[in-house]
Amino acid sequence: MNKIILLVLSSLIYTQIAAQDEHLFQVNSIPLELRIKSNAVVRFNNVHIEVLAYNKFVFTNKRIITVFNKEGDYKIGAYQHYDENINILDLEVRVYNSHGKEIKKIKKNDFKDVSAVPGGTLYSDSRVKYLDYTPINYPYTILFETKVVYHSTAFIPSWRPIEGFYISTENAEYKISNSSGIPIKIKTSNFEDFNIEKLSDFHFKANHLKSIEPEAFSPDFKTFAPYLKAALTEFDMEGVKGVNNDWVDFGLWMNNSLINGTQELPQHVKNTIKQLTATANTDMEKAKIVYEYMQNKTRYISVQVGIGGWKPMDAQDVDRLAYGDCKALTNYTQALLKEVGVASYYTIIYGDNKLLDIDKDFSATQGNHAILCLPNNEDYVWLECTSKTSPFGYTANFTDDRDALIITPEGGKIVRTKIYSAEENLQEIDANIFLDETGNILADIKIQSKGSQYGDHEGIQNTTLKEQELYYKDDFWDDLNNLEILNMSFNNNKDSIVFTEDVKVKIPKYSSKAGDRLLFQPNVFNKLTMTPTRYTHRKLPFVIERGFTDIDTYQINISNILKVEAIMEPVSIQNKFGSYTLSITEVNNIITYKRELILNKGSYTKEDYQEFRDFCLSIKKHDNSKIVFNSKT
């Protein structure tokens with residue numbers, strides 16, 4: 001009888017819970033304002049983290065999401081990483097149609113199970129189970145439930161009440177329970193702007209958060225959307241205990257537990273590197289020799305094993321195998337430098353084309369990349385050790401202008417990597433152009449690139465001839481119809497970090513006819529073609545992450561049959577976003593065209609956007625201005 005009563009009670013409880021959740025599976029119950037500009041709506045997302053010890057926590061998640069279209073499929077989030085320190089206890093998905101009827105159930109063993117790292121990785125001990133589901137119709141709803149035990153606590157799951165662009169949130173909750181006795185620290189950002197409810201120090205709730213639409217030049221999503229980070233002050237990374245009260249503590253742990261003992265080199269390598277640097281007069285000369293030695297000897301291969309993918313391979317293994325990942329190659333280079341008496345610091349950073357900072361106010365396991373830092377008087381020189389082609393000290397476009405964590409014997413320290421100024425990010429185009437009376441063009445062009453623009457150009461030298469031609473026709477000069485590439489040559493000066501392209505081109509019928517007149521656009525090779533998106537009511541601030549300078553000088557030789565009928569006046573524009581100057585002069589059938597555009601890096605308010613757009617539109621208009629020719633006969 002007791003068993004029967006228990007079964008009845010259990011059934012009643014399940015029915016009650018199901019009834020409470022039933023509306024979450026019905027599409028018509030979603031508030032209209034949450035559907036607008038949303039590819040998906042998170043109906044319910046409950047995250048509970050139970051910290052049991054410095055080396056154990058339990059993660060429980062119940063997540064219900066309704067997907068409206070194909071783009072929303074990527075928002076499902078039905079996956080779970082695991083390895084020998086992450087044990088999946090429960091994993092289940094239920095699929096519901098638009099009417100809230102269950103149409104499919106997927107158990108743990110039915111999930112796809114694959115390596116959790118890209119194909120370029122040599123080997124890894126991290127795997128992921130993920131839902132492989134092709135929807136029959138839209139919209140549909142997914143219920144995803146998981147329970148996971150973590151025995152490595154260096155990474156406490158974060159919380160994003162709004163999970164990205166074009167996804168809204170109906171209900172979300174995040175709670176940490178702590179019975180370990182180890183202090184936990186959290187940091188919340190932008191909660192006040194979204195009315196996130198704080199139920200306790202470690203318990204938060206969010207309701208009715210509308211989707212955010214991306215806008216041109218938007219800053220990183222985390223800078224304006226709600227975000228929570230958490231970390232233990234004592235943690236375990238795959239059996240190695242760490243202390244994390246601040247960045248000094250964290251850096252000491254990395255230095256003493258991860259790096260120390262990994263930098264021994266074979267004796268013949270020590271002898272070789274000392275011989276190579278014997279005549280160098282300064283530490284920077286020695287460092288450059290060591291860097292180029294490392295580049296010539298090794299290649300990059302991702303290796304995601306060891307302590308959380310954070311401990312580098314031994315330097316002697318890198319030397320023997322001649323490969324390594326960012327950690328291994330950085331550590332190997334540091335070991336080589338140590339042999340010749342040059343100080344350097346292993347560095348953790350976010351490597352990305354976008355400017356992503358290590359959060360200097362919140363010590364934790366952050367970053368996705370390792371580089372090397374060389375103290376140089378009052379400044380630093382930064383080395384990207386995964387590239388076989390980067391010049392010594394060049395870091396533009398991937399690790400420039402961001403806060404990074406350097407690991408010193410005294411602990412961790414946050415420093416800023418090199419900022420490339422607008423003046424340094426220079427592109428100069430010099431061209432000798434011949435224009436005949438029918439509008440055809442023949443031109444010799446020299447392009448010199450420095451700073452971040454060096455990185456934009458130098459890769460072309462390593463591509464095939466066909467790819468090089470397509471680069472000029474379909475990318476760099478995609479606005480030029482009938483372009484013919486006659487010749488190309490390249491010079492990469494890695495000492496000065498200047499990349500030079502010499503290109504000879506022909507453009508039949510470049511100029512257009514208007515009766516007896518010939519209409520000619522003198523800015524042949526560097527017109528601004530981009531028009532910033534127009535917004536009636538912009539919602540987000542905007543950022544120009546990298547400034548640059550473009551200087552264009554063309555000598556245009558015109559046919560003796562042609563004469564200038566109309567030519568534009570000089571232009572000069574200056575504002576907080578940069579400057580634009582343009583002048584055109586003509587002497588003895590030679591037109592000199594000079595243009596300079598400077599764009600400043602900076603963060604701006606949404607109210608500034610229209611002025612910036614007007615600046616770009618004005619540049620575009622002047623870049624498309626024409627000279628009018630007619631015939632002398």
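The model is predicted, and I read every value below as computed from it.

I then searched the whole structure for ring pairs and got 41 aromatic pairs. Tyr-394 and Tyr-454 make one of these, an edge-to-face pair with 5.1 Å from centre to centre and 70° between the planes. I checked where the two residues sit. Tyr-394 is in the loop between strand 22 (379-383) and strand 23 (403-408), while Tyr-454 belongs to helix 8 (residues 451-457). They are 60 residues apart, and the pair links distant parts of the chain.

Next I took Phe-520 and Phe-629. Their rings form a tilted pair, 6.1 Å centre to centre with 50° between the planes. Phe-520 lies in strand 30 (residues 517-520) and Phe-629 in strand 38 (residues 627-631), so this pair ties together parts 109 residues apart in sequence. I looked up burial here too: Phe-520 and Phe-629 are buried.

Which residues do ring pairs link into a cluster? I noted Phe-217, Tyr-535, Phe-542, Phe-577, Tyr-604, Tyr-609 and Phe-612.

Last, I looked at charges over rings. I found the charged end of Lys-185 over the ring of Phe-362, at 5.6 Å from the ring centre. I also found the charged end of Lys-241 over the ring of Tyr-54, at 4.6 Å from the centre of that ring.

Terms used: Residues are numbered from 1 along each chain as its sequence is written. This is a predicted model: local features need pLDDT of at least 70, side-chain atom pairs count only at pLDDT 80 or more; totals for chains, interfaces and linings use all residues. Side-chain values use heavy atoms; hydrogens and water are left out. Rings of Phe, Tyr and Trp (its six-membered ring) pair if their centres lie within 6.5 Å; planes under 30 degrees apart count as stacked, over 60 as edge-to-face and the rest as tilted. Helices (H or I, at least four residues) and strands (E, at least two) are DSSP runs, numbered from the N terminus. Buried means under 20% relative accessible area, exposed over 50%, partly exposed in between (1.4 Å probe, protein chains only). A charge sits over a ring if NZ of Lys or CZ of Arg is within 6 Å of the ring centre and within 35 degrees of the ring normal.
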